[in-house]
Amino acid sequence: MQFLIRQYQAEDEREVVALWNQCLPRDEISLNTFRRKIILDANFDPCGCYVATAKRHIIGFILSIRRRYPYYDLGMEPGKGWITAFFVHPEWQRKTIATKLLERAEEFLSRVSVKDIFVSDYTPNYFIPGVDMDSYANAQHFLKKAGYKKVQNVYGMGRSLVDFRIPEEMGEVFQKLADSGFSISLFKPSHTLKVLEFLRKNYPGDLFRVALERLRENPECDEVLVALKDDQVVGFSHFLDERFGPFGIDEEYNGRGLGPMLYYHTVEQMRKKGKHNLWLAWTTGRAKDFYHKVGLKVLRRHVIMKKTV
Ligand SMILES: CC(C)(COP(=O)(O)OP(=O)(O)OC[C@H]1O[C@@H](n2cnc3c(N)ncnc32)[C@H](O)[C@@H]1OP(=O)(O)O)[C@@H](O)C(=O)NCCC(=O)NCCS
């Protein structure tokens, strides 16, 4: 059966979104999200986006990205590129369509000097942080065959907040921290500069970006909390609806319960604002162990994959 690969065109959006929702059932999107996170992404380049067609219908899609503009302190991340979404209509799979789409995306990325291609930890507009090992295992087989190797595992985690209580044994830990000058505060506008300076130094890139955008939108945002050592900001946490994060404390203060103290106070604020659940899209390594300790369970398992071209 014949199929063609061509560059994405403006008229394709509805068909692509419909196919997306058929092929990626755990990650459905609306037309609005497609426009916001893809077409309106300043880094979007139609030359890196391809569709496969048969009888004038779209049967496959791939999106590749490299930075066209610096991303805060991460800059241009030269040599790095990402494939953030790809799929083929179920009736057209195992006919080399994804292989051809991937070849075109890789050609594009090579032309713009990308050496390392990641699937896909692209900030800010990733869709799935890596391949979902449970729902899209085929994609992992496919990428391995195409020469991609595992970089790391990334987990989505969550919990119900219905019966949430701060564990009693934390009382003593919090008291010790308070005695040493640590406290947790709901964000106040007077913290703004200190929060930004803390993030710029400790978490340049996406955490800094989230804080900046959220506080620009609402300079009195009550979905941000800070950890303070005396009057210095040493930790930041944020939530939006039931989505928790980003979250981070100054590494210098690791290991004394400050992370849990900030986490538990943030959850209390979420509860006050009527949230029944908490989830986060992306954690890994030691942070995953931390979330596990404070009662979160793994909801999704992903693997970030990479190929050097
Ligand atoms: C992953 C996907 C895009 C592959 O598309 P495709 O057009 O069928 O891929 P190809 O025909 O080019 O496959 C090339 C090779 O990949 C491997 N592969 C592809 N699908 C596979 C599967 N279901 N099981 C095992 N290996 C597979 C095989 O080695 C295959 O070569 P072969 O057919 O000669 O054995 C398709 O299965 C899909 O759309 N899945 C759902 C969406 C998805 O998971 N997207 C990724 C989100 S992160």
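Reader: Gly-205: how many C-beta neighbours inside 10 Å, and how does it count, buried or partly exposed?

Author: This is a predicted model. In it, Gly-205 has 18 C-beta neighbours inside 10 Å, so it counts as partly exposed. Burial needs 20 or more.

Reader: Where is Gly-205 found?

Author: Gly-205 sits in the loop between helix 6 and helix 7.

Reader: What does Gly-205 touch, leaving out residues up to four places away in sequence?

Author: Tyr-71, Tyr-72, Asp-73, Leu-74 and Thr-123. Pro-124 and Gly-205 are 81 residues apart along the chain, yet their C-alpha atoms are separated by 9.2 Å.

Reader: Back up. What does the domain assignment give?

Author: Two entries. Domain 1 is 4-154 + 304-308, and domain 2 is 163-275.

Reader: How far apart are the C-alpha centres of the two domains?

Author: The centres of domain 1 and domain 2 lie 34 Å apart. Six residues from domain 1 and six residues from domain 2 take part in the contact.

Reader: And which classes are on the domain 1 side?

Author: Where domain 1 touches domain 2, there are four nonpolar residues, one polar and one charged.

Reader: Now helix 6. Which residues are buried there?

Author: Helix 6 spans residues 192-202, with Val-195, Phe-198 and Leu-199 buried. Those three cover an arc of only 95 degrees around the axis, so they are on the same side of helix 6.

Reader: What do they pack against?

Author: Helix 7 (206-217), strand 9 (224-229) and strand 10 (232-240).

Reader: Which exposed residues does the face turned away carry?

Author: Leu-193 and Lys-201.

Reader: You mentioned strand 10. Take His-238: buried or exposed?

Author: His-238 lies in strand 10. His-238 is buried, because 21 other C-beta atoms lie within 10 Å.

Reader: What is His-238 in contact with, beyond four places in sequence?

Author: Val-210, Ala-211, Arg-214, Glu-223, Val-224, Gly-245 and Pro-246.

Reader: Switch to helix 1. Which residues are buried?

Author: Helix 1 is residues 13-23. Val-16, Val-17, Leu-19, Trp-20 and Cys-23 are buried. Their arc around the axis is only 165 degrees, which puts them on the same side of helix 1.

Reader: What covers them?

Author: The cover includes helix 2 (31-39), strand 2, strand 3 and strand 4. On the other side of helix 1, Arg-14, Ala-18 and Gln-22 are exposed.

Reader: Why is strand 3 largely enclosed by the rest of the structure?

Author: Because seven of its nine residues are buried. Strand 3 covers residues 57-65.

Reader: How does strand 2 pair with strand 3, parallel or antiparallel?

Author: Antiparallel, over six bridges. Thr-53 has Ile-58 of strand 3 as its bridge partner. The two strands form a hairpin with two residues between them, and Lys-55 in the turn has a positive phi of about 45 degrees.

Reader: How many bridges join strand 3 to strand 4?

Author: Six, and the strands run antiparallel. Ser-64 is bridged to Ile-83 in strand 4.

Reader: Strand 4 and strand 5: parallel or antiparallel?

Author: Parallel, over three bridges, with strand 4 at residues 80-88 and strand 5 at residues 116-119. Lys-80 is opposite Asp-116 in strand 5.

Reader: What unit do those strands make with helix 3?

Author: A right-handed β-α-β unit, with helix 3 at residues 97-111.

Reader: How many bridges join strand 5 to strand 13?

Author: Four, in an antiparallel run, and strand 13 covers residues 297-308. Ile-117 has Lys-307 of strand 13 as its bridge partner.

Reader: Last one. Where is Met-133?

Author: Met-133 is in the loop between strand 6 (131-132) and helix 4 (137-145). Met-133 has 15 C-beta neighbours inside 10 Å, so it counts as partly exposed.

Reader: What does Met-133 touch, setting aside residues up to four places away in sequence?

Author: Gln-140, Arg-301, His-302 and Val-303. As for Arg-6, it is 127 residues from Met-133 in sequence and 29 Å away in space, C-alpha to C-alpha.

Methods: Residues numbered from 1 in each chain as written. Predicted model: local features only at pLDDT ≥ 70, side-chain atom pairs only at ≥ 80, totals over all residues. Domains from an automatic or database assignment. Contact = placed C-beta atoms within 7 Å. Nonpolar A, V, L, I, M, F, W, Y, C, P; charged D, E, K, R; others polar. Pairing = 2+ DSSP bridges. Right-handed = clockwise from strand over helix to strand, strands pointing away. Buried ≥ 20, exposed ≤ 12 C-beta atoms within 10 Å, placed from the backbone. Arc of directions from axis to C-beta.
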